[in-house]
Amino acid sequence: MGGTRASKKISGSYKQIRAETLFRRSLIIIGAAMLVLVLGILFTLIVESIPSMKTLGLKYLWGRVWDPVNNIYGAFPFLLGTLLTSFLALIISIPFSFAIAIYLGEYRPRGWLSNFLRNIVDLIAAVPSVIYGFWGLIVLVPIVRSLEMKLGVLPYGIGIFTASLILAVMIIPYAASLGREMIRLVPSPLKEAAYSLGATRYEVIRSVVLPFTKSGLFAGLLLSLGRALGETMAVTMVIGNTSLLPTSIFAPGNTMASVIANEFTEADHSIYLSALIELGLVLFLVTVVINMIGKRIIKRFTNE
Amino acid sequence: MNVHVKYRVAKSRLAQGLIVALAFIITLPLLAIIIFIFREGITKINWNFLTHIPKPVGEPGGGIVNALVGSILIVLAATIMSVPLGVLCGIYLSENKTGRLSYWSRLSVDVLQGIPSIVIGIVVYFWIVKPIGGFSAFSGSVALGIMMLPILIRSTEETLKLIPPSLKEAGLALGLPYHKVILRVIVPCGMSGIISGIMLSIARIAGETAPLLFTAFGNPYLNTNLTKPMQSLPLLIFNYATSPYDEWHDLAWGAALILLFTVLLLNIITKLTTRRWNVQL
């Protein structure tokens, strides 16, 4: 009798061991699946853009004319449009995101006011981009149009400048919340030393906090830039969607993401579709590289 | 105090004022958007709006029930697919802090987080839409599910890292098998953090439009079949907001109000729950 009970016990523990190995293995498989997923995405983009790479070659990226009807594909207007909107947005956003980071990290790390501001920043990041686009289209475009009339440029309203304004609002949270984390990492003995030498608060920020957090703030900007480059909907709705080379920052244009969003389902032959996917591949590579550099810098910064 | 010190103090005060002013300007666009969408949207929402499909151009009235149902179904399917994967991957990464595979896995999650949503749309188009031969809500769910993964994985990993290792050791010392220690001890301890991660990831993707453009595609009629094209709130807003018709603009305003408040509410609830359990995301 005792024997059967013992064998039952043994078979029970075998079952448990089997379940345990199964669990460990499935964890490893799922961990590996993430790598497979990312490689799969890269692979798909490369394979599908091969037709365009073969027929159009490298000059595709520098071609200035995009005319799918006549089979002419040059992506330069979109590269330029993407760079213009993203960097303009970054420049507009810098004073605000750094001010938020300094305020939350240095002036008032705690308290209801800083909690309030932190929540506002988080909610800014949470608003869907299509809502930014809709609001921009109805509210911001007329404002920009009247501004353009005052400046004496062609009053499109829509265009690269409007897209940059919206993008600037959308990317502020990334640089701001990261900058805040970085500023809070500044060792207080450093700051106290400066205060004890008679430095004012501004002097401490300028000559202790900012130099110390330089690389972290830069990383925050990189992550913001990565966001801006890949942002699609808000930009598509206000940039004007023309494939002509933009002549000024007030002119309508197109970004890589917005041209994909607009033309992907209309692409009626394989080279056209493949050319759009090659844009997606470029976008993928650029944003991934920028994000990775940013994260590497942050990691090094926080480990020090 | 001599003049020089006074000048430096004044400069410091000025800088502080400037920084506070610049920092709080960020509240203006958020308030402007919320107020504007609320004012325009609230008048459009009524029972009819919530229970009818859009009318053809030129006829007033109509509603967005197709987009409401579609959004709920697409997001629900995405959640069902990605939550188990994301949570298990988070467990894997928190259990294996070092090691070659977990390094690459973690790196992949980082990369995944940075991929522009439109690129995910393209890829899912080639993975699902093209082989099947048509747009479908299911493919949209897959695209959104992929976008949920990094947030889920990160929040699970960060939550589980905070749980004291002594709990796990106690479980193992009592002779519990590894999977039971993880699933019955560690995961329940981190449940609140994991659930806020799930809610946060839902809030992130509920408003995503770009990955749905080439997958769920949109549908002017009510559809509950996941293998057919389906409308969703963000798609409806995009299509109707960029149309030249006033009736469609009205529908877009109402839809924008519902979407904006759902997303903001999810975020606020997540914040409140994480504060209560004191979990850092």
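This is a predicted model: local features need pLDDT of at least 70, side-chain atom pairs count only at pLDDT 80 or more; totals for chains, interfaces and linings use all residues.
Phe212(A) belongs to helix α7 of chain A, which covers residues 201-230. Once its neighbours within four places in sequence are set aside, the contacts of Phe212(A) are Val186(A) and Leu190(A). Leu190(A) lies 22 residues from Phe212(A) along the chain, and the C-alpha atoms of the two are separated by 9.6 Å.

Turning to chain B, a pair of helices can be followed residue by residue. Helix α7 (residues 137-161) of chain B packs with helix α10 (residues 191-206) of chain B at an angle of about 155°, and their axes are 8 Å apart. Angles over 145 degrees count as roughly antiparallel, and α7(B) and α10(B) are therefore roughly antiparallel to each other. Their crossing is right-handed. By class, nine nonpolar, seven polar and one charged residues make up the contact of α7(B) with α10(B). On the α7(B) side, the residues include Leu144(B), Met147(B), Met148(B) and Ile151(B), while those of α10(B) include Gly193(B), Ile194(B), Leu200(B) and Arg204(B).

The two chains also meet each other: 66 residues of chain A are in contact with 66 residues of chain B. Helix α1 (residues 2-56) of chain A provides the largest share of the chain A side, with 18 residues. The residues of chain A that touch chain B divide into 46 nonpolar, 13 polar and seven charged.

Conventions
Residues are numbered from 1 along each chain as its sequence is written. Chains are lettered from A and ligands numbered from 1 in the order in which they are written. Helices (H or I, at least four residues) and strands (E, at least two) are DSSP runs, numbered from the N terminus. Two residues are in contact if their C-beta atoms, placed from the backbone, lie within 7 Å. Axes are lines fitted to C-alpha atoms, for helices over the stretch in contact, and angles run from 0 to 180 degrees between N-to-C directions. Angles under 35 degrees count as roughly parallel, over 145 as roughly antiparallel, 65 to 115 as roughly perpendicular and the rest as oblique. A crossing is left-handed if the near helix is turned anticlockwise from the far one by less than a right angle, and right-handed if clockwise. Ala, Val, Leu, Ile, Met, Phe, Trp, Tyr, Cys and Pro count as nonpolar, Asp, Glu, Lys and Arg as charged, and the others, Gly among them, as polar.
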